[in-house]
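Please read it alongside the sequence and the structure shown here.

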Amino acid sequence: MSRLRVGQAGLGYWGRNLARNFDEVADLRWLCDASEERRAEFTERYPNASVTGDFGDLLTAEDVDAVVIATPVPTHYPLAKAALEAGKHVFVEKPPAMRAAEMEDLIGLAEVNGLVLMPGHLLLYHPGVQKLKEIVDSRELGDVLVVYGNRQNLGKIRKDENALWSLGVHDLSVIQYLIEEEIVEAAAHGHAFLNAGVEDVVFCYLRFASGKIAHMHLSWLDPHKMRRLTVVGRDKMAVFDDMELDRKITVYDAAPEEPSDTYGEWRTRTGDTFSPKLSNAEPLKLECQHFIRLVEEGWDGREMRDGLEVVRALELLTESLRNGS
Ligand SMILES: NC(=O)c1ccc[n+]([C@@H]2O[C@H](COP(=O)([O-])OP(=O)(O)OC[C@H]3O[C@@H](n4cnc5c(N)ncnc54)[C@H](O)[C@@H]3O)[C@@H](O)[C@H]2O)c1
């Protein structure tokens, strides 16, 4: 089978990583960026690709099957919409749209035209998150009660998007992936200490249809560098810690118990801890390969519907943050 022919727009900090991977796993035919400097750099780096400043060239090019979008967030929706209307499969960086209604519009276009629309939720392709999902789905933890994320560091301080949009989108994608339920309550509190209107620290609370709850602490104003997700089950607990080198997943055989001989009184049980071995494959490469597989083998649309749930959660949390409720 011939390799998927890809055109990519956005060759900045993240786009260069995507281009490197798509050049390996697909046929990277077209490159597009609004900046002349970037175009010059990439013309030299990928001499076999056509380079342009006009996104429209990717849409009219007959040798482009799929468009990769790694431009700033507010441009995702209009560019993805134009690409789907032109009959191209779309991989678009997270989040694909800033409003749920826009995301629904993109999903409708993908469905009508029989195209793949995949949001770039990188963490879902991390072997640690894949393992966590396997553990949760196997019911080893029992019923999941609570999931909470810590995504903190000192920096990188952003001016154009707050901690919820910049950091929270990663944890939200994983929380949705693990819980797979509708959000019935969403509340967020945060504060802009450094740049007016851009919250540096955000605390989020989510409640799901069955009563499961989730929390996220998102901040670039913190002494700890934390990239951690904790899942508390009725029978066991598990932690995914991306700052760990070897033990990224730890399962704790620990839980509260209500022995039959102690009427109404809870005790706690703490047993062994276990760290499964993980593959050290690069999540970004796995993500790019996944997109190609969806295009080549067909799909049921799960990735774009999960993307809609993430945008919906971002919208609900933003509303709460703005209302201060
Ligand atoms: N998955 C991840 O872990 C991850 C990490 C970082 C960034 N991102 C995402 O990648 C995207 C890009 O972020 P970045 O940090 O690379 O930004 P960046 O500012 O470094 O790069 C954006 C590039 O897009 C170009 N551009 C802007 N509008 C354009 C248009 N209409 N047509 C063509 N080119 C255009 C700019 O000239 C720039 O080169 C964002 O959506 C961001 O959320 C994802």
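Strand S9 (residues 201-208) and strand S10 (residues 213-219) run antiparallel and are joined by seven bridges, where two strands count as paired if DSSP finds at least two bridges between them and strands are DSSP runs of E with at least two residues, numbered from the N terminus. This is a predicted model, in which local features need pLDDT of at least 70 and side-chain atom pairs count only at pLDDT 80 or more, while totals for chains, interfaces and linings use all residues. Residues are numbered from 1 along each chain as its sequence is written, and side-chain values use heavy atoms, with hydrogens and water left out.

- S9 and S10 form a hairpin with four residues between them, and Gly 211 in the turn has a positive phi of about 105°.
- S9 also pairs in the antiparallel sense with strand S8 (residues 183-191), over eight bridges, and Gly 190 has Val 202 in S9 as its bridge partner.

- S11 and S12 pair in the antiparallel sense over five bridges, form a hairpin with three residues between them, and include the bridge partners Val 232 and Met 237, the latter in S12.
- Strand S12 (residues 237-241) is largely enclosed by the rest of the structure, because four of its five residues are buried (under 20% relative accessible area, with a 1.4 Å probe and protein chains only).
- Four bridges join S12 to strand S13 (residues 249-257), and the two run antiparallel; Ala 238 stands opposite Val 251 in S13.

Surface

- Leu 221, found in strand S11 (residues 221-233), is partly exposed, with a relative accessible area of 33% (the class between the buried limit of 20% and the exposed limit of 50%).

Ligand surroundings

- Of the 20 residues around the ligand, Tyr 13, Trp 14, Asp 33, Arg 38 and His 76 come nearest, a residue being near if one of its heavy atoms lies within 4 Å.
- An oxygen atom of the ligand is 2.9 Å from a polar backbone atom of Tyr 13, and an oxygen atom of the ligand is 2.9 Å from an N or O atom in the side chain of His 76.
- Taken alone, the ligand exposes 850 Å², of which the protein buries 78%, with areas from the Shrake-Rupley method and a 1.4 Å probe.

Note on methods: A polar contact is a pair of N or O atoms within 3.5 Å; within protein, one must be able to donate a hydrogen and the other to accept it, and residues adjacent in sequence count only if both atoms are side-chain atoms.
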